[in-house]
Amino acid sequence: MSVEATTSRAQTVSETLSSAIELLENDQNLKKQIRESIEPIDDLSRSATTELNKLHSAPFSQHAEICQNAINIIIRSQPLWVDVAKLIPENEFYRYQFALGPTMRQLTTSIVLARFILHDELTPSHTISTILGLQSDQNGVLQLSAEDYLQGVIGAVNELPRLSVNAVTSQNFDLPIKISSFVNDIFASYSLLNLRNDALRRKFDSLKYDLKRCEDVVYDLTLRGLTKPRE
Amino acid sequence: MADVDVLMPSEGESSVGVSRKQHLMSTFESYRAELDTDNERRERLIILSRSITQLSKKLIFHLHRNATSPSSQQKDKCLREGRAKEREIWVNFGKIKDELKSIGEGDEALKGYWRWNRQVSPGLEEYIEALSFLYYLEHKSLVPLDAVQKTLSDEAGEPLVIVTPEDYILGMSDLTGELMRYATNALSTGDHNTPLEVCEFVRTVKAHFDGIPPHMLYKLSKKQEETTRSLEKIEKVCYALRLRLIEFADKPEVLAMMAKRALEDAAEREEKGRED
């Protein structure tokens, strides 16, 4: 092999690698931009969580206000999702879901918790999408996946045993009953799913313990005649 | 996803109780159907990806067995067979495409590709490694990214799967390990050019990849350690080779014998290294 041929081949190899590395840099820069665009949403999400934490100590009369505040904070993320959506190429949502999923799950958790206190219901996935503004045309590329929704809901349930215990401390004996019935319904619903050994399965396993703790509180109240008979 | 939800009665306070439970149960039955479909699809894709990995490994072994053959006729035959094996793997990528098309045509299939990328990419990475090795033996050069993508397209030029720069670069990093084996094998057949060429090639690859910051591609920074070890082995082979070429330039039979011994030493050291 002549020296010239070797040199020109090395050059081709260099060019091939350089152009691939350049493409990699573009890809990684976009990932970074997307991660950064989600940060202000995470800030709002944390504020909402902080607000909801007050449920454990505030008197029952303030619960509705706290929950409404939390939802209002989350609604402020709507224009920010538009910024995120702009960065994601069409059809490539799932390529970047790893960066968005955790935030969406946390927001689902907060919304489900707040709306349980407000309306005694499990917020459906499309309502969460509406609250986040994901259903507008500008945000067509974004979606709340079933997986993220189902995990987010369990996150909300994980908060409830504590809330039940603290309700008793502040002499609110209705809330534990309401919680126990809600957790019961949710546990029955999740039991319908055929889960594989993944993150959702592990989250589901935590539900059993939540349910038991909530029922224990109701048992303690019943034992002492502190529950009103249900109409 | 959206069709999974059925609207809750908005003034649900009065209908809470049995009706909420019933409502939730029917919603979750839809989720069950959705998750079941997803899980079945995931399984099928993982199976395809695994068989791509297996076939790619076989292709690599096939190339190692025959590519260093001294007869150029046999070498050509090996490469032809290699191409045939590559096409067998290609058929499996076609099956992946079919699986994704079953979600929906066009955009839906593309969305599906990104959604199931993690199931597909282990096979894809192994395939890129095998393909780039085959390409190196055919052209003594590096297969460009767009050529990989072209090979993984159907007759109409539509991509079967999408090859990202990340997939490509990780595949090229693995290639250096195969080339190290190839160079040492070549030495035993008295092929003195190959180790020197491979050495130059691997150096170029390593130098470029050293320029990629670790946070950009974490997996690569681990693979670079392997590449560095491979390169050191190749450089040792070249060192011994150069000295012998000078010393015994006029006695090819002595060269061949010494090369064989060097190779055995290398194998022994590798064995020992593994035990440690």
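Accessible areas here come from the Shrake-Rupley method with a 1.4 Å probe, and for residues only the protein chains shown count as cover. By that method, chain B has an accessible surface of about 14200 Å², and 52% of it belongs to carbon and sulfur atoms. This is a predicted model, in which local features need pLDDT of at least 70, side-chain atom pairs count only at pLDDT 80 or more, and totals for chains, interfaces and linings use all residues. Residues are numbered from 1 along each chain as its sequence is written, chains are lettered from A and ligands numbered from 1 in the order in which they are written, and side-chain values use heavy atoms, leaving out hydrogens and water.

**The fold of chain B**

- Chain B holds nine helices and zero strands. Helices (H or I, at least four residues) and strands (E, at least two) are DSSP runs, numbered from the N terminus.
- Its pattern along the sequence reads α-α-α-α-α-α-α-α-α.
- Chain B has 276 residues, and 47% of them count as buried. Buried means under 20% relative accessible area, exposed means over 50%, and partly exposed lies in between (1.4 Å probe, protein chains only).
- Take the contacts in chain B with a separation of 6 or more: 73% of them join residues 24 or more positions apart. A contact means heavy atoms within 4.5 Å.

**Where chain B meets chain A**

- On chain B, 46 residues are in contact with 46 residues of chain A.
- The two chains bury about 4600 Å² between them, with 65% of it on carbon and sulfur atoms. Buried area is the accessible area (1.4 Å probe) that two parts lose on being put together, summed over both.
- Three salt bridges are counted between the chains. A salt bridge is a side-chain nitrogen of Lys or Arg within 4 Å of a carboxyl oxygen of Asp or Glu.
- Lys31(A) and Glu166(B) meet through their side chains in a salt bridge (3.5 Å, N to O).
- Four helices of chain B each give two or more residues to the side that touches chain A: H1 (18-66), H3 (107-115), H6 (165-188) and H7 (193-210).
- H1(B) supplies the largest share of that side, 13 residues.

**One helix of chain A**

- Helix H7 of chain A runs over residues 175-190. At 1.5 Å a residue, its 16 residues should span 22 Å, and its end C-alpha atoms are 22 Å apart, which agrees. The expected span is 1.5 Å times one less than the number of residues.
- H7(A) is mostly covered, with 13 of its 16 residues buried.

**Two loop residues with positive phi**

- Asp120(A) is not a glycine, yet it has a positive phi of about 55°. It lies in the loop between helix H4 (97-119) and helix H5 (125-132) of chain A. Asp120(A) counts as buried because its relative accessibility is 12%.
- Lys140(B) is not a glycine either, and it has a positive phi of about 55°. Its loop lies between helix H4 (117-139) and helix H5 (145-151) of chain B. Lys140(B) counts as partly exposed because its relative accessibility is 24%.

**A buried glutamine**

- Gln224(B) sits in helix H8 (residues 218-247) of chain B. Its relative accessible area is 7%, so Gln224(B) is buried.
- Leaving out residues up to four places away in sequence, Gln224(B) touches Ser173(B), Lys206(B), Phe209(B) and Asp210(B).
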